[in-house]
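This briefing is intended for a reader who is meeting the structure for the first time. Please keep the sequence and the model in view while reading the points that follow.

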Amino acid sequence: MRLVIPPLAAACAALFLNACYRPPTPAAPSVYKMGEKVNVGHIVYTVIDTKWETSLPEDSEPRNPQHRFLLVRMSAANSGGDNMMLPNLVIEDDAGNTYQELSDGKGVPDWAGYLRRIGPAEASIGNILFDAPPKSYKLRVTDENGEKPALVDMPLSFN
């Protein structure tokens, strides 16, 4: 005697098994300290220093932020074999608030630029700029495709 499973019962079993499947949750990004090399994809980031400013010098009047300016001195090196554009960066606080890198570098000493193209074995070194309330942040860095995130812990410091 052969066992025959009605098509409806087979479909119900398949739906039940599919409902039990949970895709794996992505791992939390690794957290690094300032000064450590962070390898993501073909980019090697190093956050060197941070500095808070209440204004930036301009030709006619100082440039004032909405909150405070945070200058992050960093390097990003291309360890791959092709030219690449470095992704723009974001800082985030412990509450999940995020602040985008500013595209205007007026008054920023040694500004790294907003659109950063680097060739193989080259590095971009300089300051990037954020406007955010003073507190501790983590800099979210990603690979050249904007994926594979890592975080760099930047404790609040007014050196």
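In this predicted model, E101 is a buried residue with a relative accessible area of 4%. The side chain of E101 meets that of R116 in a salt bridge, at 2.6 Å from N to O. R116 is likewise classed as buried, at 5% relative accessibility. Because R116 lies in strand β8 and E101 in the loop between β7 and β8, the pair ties together parts that are 15 residues apart in sequence.

**Salt bridges**

- Over the whole structure, the search finds eight salt bridges.
- Salt bridges that share partners join D94, K138 and D153 into one network.
- R73 and D110 form a salt bridge through their side chains, with an N to O distance of 2.5 Å. This pair links distant parts of the chain, since R73 belongs to strand β4 while D110 sits in the loop between β7 (98-100) and β8 (116-118), 37 residues apart.
- R73 counts as partly exposed at 28% relative accessibility, and D110 is also partly exposed, with a relative accessible area of 44%.
- A further salt bridge brings together the side chains of K51 and E53, at 3.3 Å from N to O.
- K51 is partly exposed, with a relative accessible area of 43%; E53 is partly exposed as well, at 22%.

**A buried charge without a salt bridge**

- D131 is found in strand β9, which covers residues 123-132.
- Although D131 is buried, it has no salt bridge. The nearest side chain of opposite charge is that of R63, 7.2 Å away, and a salt bridge would require the nitrogen and the carboxyl oxygen to lie within 4 Å.
- Which backbone atoms does the side chain of D131 reach? One is the backbone nitrogen of Q66, at 2.7 Å. Another is the backbone nitrogen of H67, at 2.9 Å.

**The cavity**

- Rolling a probe the size of a water molecule over the atoms shows where empty space is left.
- Across the whole structure, the search finds one cavity of 30 Å³ or more. The volume of the largest cavity is about 30 Å³.
- Which residues line the largest cavity? The lining consists of M74, S75, A76, L86, A112, R116 and S124.
- Strand β4, which spans residues 68-78, gives the most to this lining, with three residues.
- Sorted by class, the lining of the largest cavity holds four nonpolar, two polar and one charged residues.

**Overall make-up of the chain**

- The chain contains one helix and eleven strands. From the N terminus on, the order of elements is α-β-β-β-β-β-β-β-β-β-β-β.
- The chain has 159 residues, and buried residues make up 35% of them.

**Residues apart in sequence**

- L89 is located in the loop between β5 (84-86) and β6 (90-92). At 1% relative accessibility, L89 counts as buried.
- L89 and G146 are 57 residues apart along the chain, and 9.6 Å separates their C-alpha atoms.
- K106 is exposed, with a relative accessible area of 51%.
- K106 and E58 are 48 residues apart in sequence, and the distance between them in space is 7.2 Å, C-alpha to C-alpha.

**Backbone angles**

- Most residues other than glycine have a negative phi.
- D110 is not a glycine, yet it has a positive phi of about 55°. D110 is placed in the loop between β7 and β8, and its side chain is the one that meets R73 in a salt bridge.
- K148 also has a positive phi, near 50°, in a residue other than glycine. The place of K148 is in the loop between β10 (137-141) and β11 (150-154).
- Is K148 buried or exposed? K148 is exposed, with a relative accessible area of 54%.

Methods. Residues numbered from 1 in each chain as written. Predicted model: local features only at pLDDT ≥ 70, side-chain atom pairs only at ≥ 80, totals over all residues. Heavy atoms only, no water. 1 Å grid on protein atoms, 1.4 Å probe; cavity = no way out; pocket = protein on both sides within 12 Å on 5 of 7 lines; lining within 4 Å. Points joined across faces, edges and corners; volume = space filled by probe spheres on them. Helix = DSSP H or I, 4+ residues; strand = E, 2+ residues; numbered from the N terminus. Nonpolar A, V, L, I, M, F, W, Y, C, P; charged D, E, K, R; others polar. Buried < 20%, exposed > 50% of the residue type's maximum accessible area, 1.4 Å probe, protein only. Lys, Arg positive; Asp, Glu negative; His and termini not counted. Polar contact = N/O pair within 3.5 Å; in protein donor to acceptor, adjacent residues only side chain to side chain.
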